[in-house]
Amino acid sequence: DLWEARGHLRFEDVTFGYSDDRTILPDFALDIPAGQTIALVGTTGAGKSTLAKLIARFYDPTRGRLTLDGVDLRQLHPKDLRRAIVMVTQEAYLFSGTVADNIALGKPDATLDEIQAAARAVGAHAFIERLPDGYATDVNKRGGRVSAGQRQLISFARAFLADPAVLILDEATASLDIPSERQIQEALGTLLADRTAIIIAHRLSTVAIADRVLVMEHGRIIEDDTPAAL
Ligand code: ATP
Ligand code: MG
């Protein structure tokens, strides 16, 4: 009954604009095999976030189609789509509730063991245990105690637990201290394994771990190569 996506994404001549008078992506074609890690880079306004939002189906193409494992995204059941494709945004936003609730957001029936396993996998367990009430800490009340890097790790744990076939990550531009930076980098390695990942990358270290780097300009891909070749 449950549809399991493999994670093969394909843009077939996708044209998209937020309004009729301005095209952001013109006849865009791109094939991303299942399991590939893509680093998406390019100047501001190039269309990187727009591409991500089309994959997450915040918007649909004006023309052409976007498929997952050969199925038009518009034909997928919303439940299947939400399970298959997860987007982690720059803000790494925390919702009101406990740390555990925040990690379990995409999988409300998760047990505390599963929540902790996800936190361990991305290296978030140690700092969570040091919070006043551990996993039961209310992130609103003690929000000030959770740093930007820690918020990111919590959202990584959330994505790890949700275990989507496709993960989209709009990497934060804000700089973190060096230990946090290293921790995020290690967590990324774990998070990206065994799934298709598209990272809007701002860090060179992230570009380096990608299988493939796409450079975007004015809604087009102007370079498509391995990190080493670029
Ligand atoms: P950045 O590196 O600054 O995040 P980006 O590559 O993610 O840039 P997009 O956010 O995809 O770029 O924007 C591409 C173009 O679409 C820009 O010209 C932008 O002004 C426009 N745009 C983005 N979002 C909207 C929107 N909601 N409504 C109208 N135009 C938009
Ligand atoms: Mg953007």
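Colleague: Which residue just after H1 takes a positive phi?
Modeller: That is arginine 57, with a phi of about 65°. This is a predicted model, in which local features need pLDDT of at least 70, side-chain atom pairs count only at pLDDT 80 or more, and totals for chains, interfaces and linings use all residues. Residues are numbered from 1 along each chain as its sequence is written, while chains are lettered from A and ligands numbered from 1 in the order in which they are written.

Colleague: What makes a stretch a helix or a strand?
Modeller: Both are DSSP runs numbered from the N terminus: a helix is H or I with at least four residues, and a strand is E with at least two. By that rule the protein chain has 8 helices and 10 strands.

Colleague: How do you know that the buried residues of H1 line one face of the helix?
Modeller: Start with the list: Lys48, Leu51, Leu54 and Ile55 are the buried ones in H1. Buried asks for 20 or more other C-beta atoms within 10 Å of the residue's own, exposed for 12 or fewer, and partly exposed is in between, with C-beta atoms placed from the backbone. Looking down the axis of H1, these residues fall within an arc of 125°, so they line one face. The arc is taken over the directions from the helix axis to the C-beta atoms.

Colleague: Why is methionine 216 called buried?
Modeller: Methionine 216 has 22 other C-beta atoms within 10 Å, so it counts as buried. You will find methionine 216 in strand E9, residues 212-217.

Colleague: What is methionine 216 in contact with, leaving aside its neighbours within four places in sequence?
Modeller: Its partners are Leu40, Gly42, Ala46, Gly47, Lys48 and Ile221. A contact needs the two C-beta atoms, placed from the backbone, to lie within 7 Å. Glycine 42 is 174 residues from methionine 216 along the chain, yet their C-alpha atoms are separated by 4.8 Å.

Colleague: Why is alanine 39 called buried?
Modeller: Alanine 39 has 26 other C-beta atoms within 10 Å, so it passes the test for buried. Alanine 39 lies in strand E3, residues 37-42. Valine 207 is 168 residues from alanine 39 in sequence, but 5.5 Å away in space, C-alpha to C-alpha.

Colleague: Why is aspartate 13 called exposed, and what is said of aspartate 69?
Modeller: Aspartate 13 has 12 other C-beta atoms within 10 Å, so it is exposed. Aspartate 69 has 16, so it is partly exposed. Aspartate 13 is in strand E1, residues 9-16, whereas aspartate 69 is in the loop between strand E4 (63-68) and strand E5 (71-72). Neither is a glycine, yet phi is positive in both: about 45° for aspartate 13 and about 50° for aspartate 69.

Colleague: Why does proline 132 count as exposed?
Modeller: Proline 132 has 10 C-beta neighbours inside 10 Å, so it counts as exposed. Proline 132 sits in the loop between H5 and H6.

Colleague: Which buried residues are in helix H4?
Modeller: In H4, residues 112-121, they are Ile115, Gln116, Ala118 and Ala119. Down the axis of H4 they fall within an arc of 160°, so these too line one face of the helix. They pack against helix H3 (99-103), helix H5 (125-129) and helix H6 (148-162).

Colleague: Which residues are around ligand 1?
Modeller: The shell is Tyr18, Ile24, Gly42, Thr44, Gly45, Ala46, Gly47, Lys48, Ser49 and Thr50. To be near, a residue's C-beta atom, placed from the backbone, must lie within 6 Å of the molecule. Helix H1 (residues 48-55) gives the largest share of the shell, 3 residues.
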